[in-house]
Amino acid sequence: MNLLLQTTQHNLQGQIAVTGSKSETNRLLLLKALFPNITLANTSNSDDSEVMQKALIGNDEIVDIHHAGTAMRFLTAYFAVNEGREVVMTGSSRMQERPIKILVEALGQLGVEISYEKEEGYPPIRIKGKKVTASKVTLAANVSSQYISALLLVASKLENGLELTLEGEITSIPYIKMTLALLNDLDIQTSFEGNVIKVYPKAEVATKEMVVESDWSSASYFFSLVALADTASITLSSYKENSLQGDSELVSLYEKLGVQTTFQDNKMTLVKQENFKYGTVNFELNNTPDIAQTIVVTCLGLGIGCHLTGLHTLKIKETDRLEALRIELTKLGANISVTNDSLTLIATNEINPNIKIATYNDHRMAMAFAPLALKVPIIIEEAGVVSKSYPDFWKDLINLGFETTEIVA
């Protein structure tokens with residue numbers, strides 16, 4: 001499905017209920033599988049979470065997680081410590097190009113047996129679950145936080161818990177802290193001192209309902225919409241000011257892009273600041289790489305430059321997001337350059353209209369570019385890809401006054 005997206009509405013007003021955080025939901029789904037007496041509320045309705053749920057409650061020997069990178073990492077650790085269970089974990093063709101070796105080798109330090117079905121270092125992988133008594137793992141600190149969280153989530157069910165030593169400078173700390181905070185909410189004891197994380201064993205947890213906060217990554221597109229509108233006030237639920245999610249840094253980042261955020265009654269309201277003085281922005285996104293796409297598109301729409309760093313993990317996401325951004329923004333007339341871990345956009349006031357934006361099987365490409373429809377008509381190819389994290393996205397834009405027209409490829 002290719003969508004022509006346009007609008008004559010430049011005063012955005014509305015209330016949007018955003019689905020629960022995919023990051024929190026997938027962590028809690030795994031914890032519920034380990035501790036069945038906990039219950040979950042406001043879970044994500046994303047494809048990724050549905051795939052994760054299906055894999056956890058199913059009994060298939062072959063587990064296909066399609067495009068869901070989080071599910072691949074978390075489930076690898078889960079099945080590895082599931083004594084007596086043997087599965088083959090596989091996914092889409094892109095998933096089979098995304099590295100898993102770091103996590104496999106870390107689990108190998110715990111004595112787990114995992115082998116590669118095709119190319120070494122990549123899915124599909126065969127996992128033979130076993131009881132784990134070893135408790136010490138050393139891992140490079142600059143790897144994807146999902147590898148680290150995968151180990152931490154299963155750690156309390158290991159006979160002797162886990163002591164994880166991270167070597168070097170740690171990246172994506174907010175996601176690690178999110179995982180530890182969810183464990184702490186279940187009274188699982190943890191510590192994070194220097195580069196050493198410990199999770200202590202716990203056989204059972206008390207019965208408890210865990211309520212998932214709405215997804216901050218999904219909120220980023222509304223920050224962008226407010227920034228690019230002439231005037232705007234959009235209220236989003238359910239969000240809290242002191243969030244576990246790293247992408248809540250959006251509040252301080254978008255304050256520098258003319259968006260003011262207030263919180264009341266588990267809702268946040270985004271308002272366009274009047275007479276805001278814009279200038280080139282320099283953001284270090286080591287802790288929040290998933291919002292880089294949204295930010296650079298916002299800057300293009302505002303006619304300002306940006307320099308974004310800390311983006312090395314974007315090259316192994318659903319697509320090589322840095323290269324994808326370079327290609328698609330260039331089509332729109334942008335002057336953009338990328339390196340292995342940074343992106344630089346030169347300010348321009350010209351945006352080419354009616355450009356087809358390729359989405360590369362990447363939900364964030366589709367949603368990040370959508371706010372540009374406030375400036376020029378834009379065509380989003382394979383627009384259904386948003387279901388990976390935010391199935392209602394196009395419907396919510398229509399409610400804000402956008403027009404969507406399906407067009408033949």
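## Helices, strands and the model

Helices and strands are runs assigned by DSSP, a helix having at least four residues and a strand at least two, and they are numbered from the N terminus. The structure described here is a predicted model.

The largest nonpolar core has 75 residues. Within this core, the residues that touch the most other members are F222, L236, L308, L329, L332, F369 and W394. The biggest contribution comes from helix α7 (residues 216-228), which supplies 9 residues. There is also a second, separate core of 67 residues, and F74, L75, V154 and Y175 are included in it.

What does L308 touch, apart from residues up to four places away in sequence? The list is F283, L285, A292, I295, V296, D341, S342 and L343.

Is helix α5 (residues 145-155) largely enclosed or open? Of its 11 residues, 11 are buried, so the rest of the structure largely encloses this helix. The buried residues of α5 include S145, Q146, S149 and A155 as well as I148, L152 and V154. A residue counts as buried when its relative accessible area is under 20%.

Helix α3 (residues 69-80) packs against α5 with the two axes 8 Å apart and at an angle of about 40 degrees. The angle makes α3 oblique to α5, because angles under 35 degrees count as roughly parallel and only those from 65 to 115 as roughly perpendicular. The crossing of α3 past α5 is right-handed. On the α3 side, the contact is formed by G69, T70, R73, F74, A77 and Y78. On the α5 side, the partners are Q146, Y147, S149, A150, L151, L153 and V154. By type, the residues of this contact are 8 nonpolar, 4 polar and 1 charged. Two residues of the contact, F74 and V154, are also among the members of the second core.

An α-helix has 3.6 residues a turn, so residues three or four places apart point the same way.

## Helices α9 and α10

Helix α9 (residues 292-302) and helix α10 (residues 321-331) have axes that come within 11 Å and cross at roughly 20 degrees. The two helices are therefore roughly parallel to each other. Their crossing is right-handed. From α9, the contact takes in Q293, V296, V297 and L300, while α10 provides R321, L325 and L329. These residues divide into 5 nonpolar, 1 polar and 1 charged.

## Backbone exceptions

Most residues other than glycine have a negative phi, and most peptide bonds are trans. The model has some exceptions, described here.

Two peptide bonds are cis. The bond from P123 to P124 has omega near 5 degrees, and P124 sits in the loop between β6 (113-116) and β7 (125-128). The bond from S237 to S238 has omega near 0 degrees. S238 belongs to the loop between β13 (231-237) and α8 (250-255).

D265, which is not glycine, has phi near 55 degrees. This residue lies in the loop between β14 (259-264) and β15 (267-272). Its relative accessible area is 67%, so D265 is exposed. N354, also not a glycine, has a phi of about 55 degrees and lies in the loop between β19 (342-346) and β20 (355-357). With a relative accessible area of 45%, N354 is partly exposed.

E86 is part of strand β5 (residues 86-90). Its relative accessible area of 35% makes E86 partly exposed. Beyond its neighbours within four places in sequence, E86 contacts E61, R126, I127 and K128. E86 and R364 are 278 residues apart in sequence, and their C-alpha atoms are 33 Å apart in space.

I355 belongs to strand β20. Is I355 buried or exposed? I355 is buried, because its relative accessible area is 17%. Leaving aside neighbours within four places in sequence, I355 is in contact with K331, L332, P377, I378 and I379. L372 is 17 residues from I355 along the chain, and 11 Å separates the C-alpha atoms of the pair.

Technical notes
Residues are numbered from 1 along each chain as its sequence is written. This is a predicted model: local features need pLDDT of at least 70, side-chain atom pairs count only at pLDDT 80 or more; totals for chains, interfaces and linings use all residues. Side-chain values use heavy atoms; hydrogens and water are left out. Buried means under 20% relative accessible area, exposed over 50%, partly exposed in between (1.4 Å probe, protein chains only). A nonpolar core is a set of buried Ala, Val, Leu, Ile, Met, Phe, Trp, Tyr and Cys residues joined through side-chain atoms within 4.5 Å. Contact means heavy atoms within 4.5 Å. Axes are lines fitted to C-alpha atoms, for helices over the stretch in contact, and angles run from 0 to 180 degrees between N-to-C directions. Angles under 35 degrees count as roughly parallel, over 145 as roughly antiparallel, 65 to 115 as roughly perpendicular and the rest as oblique. A crossing is left-handed if the near helix is turned anticlockwise from the far one by less than a right angle, and right-handed if clockwise. Ala, Val, Leu, Ile, Met, Phe, Trp, Tyr, Cys and Pro count as nonpolar, Asp, Glu, Lys and Arg as charged, and the others, Gly among them, as polar.
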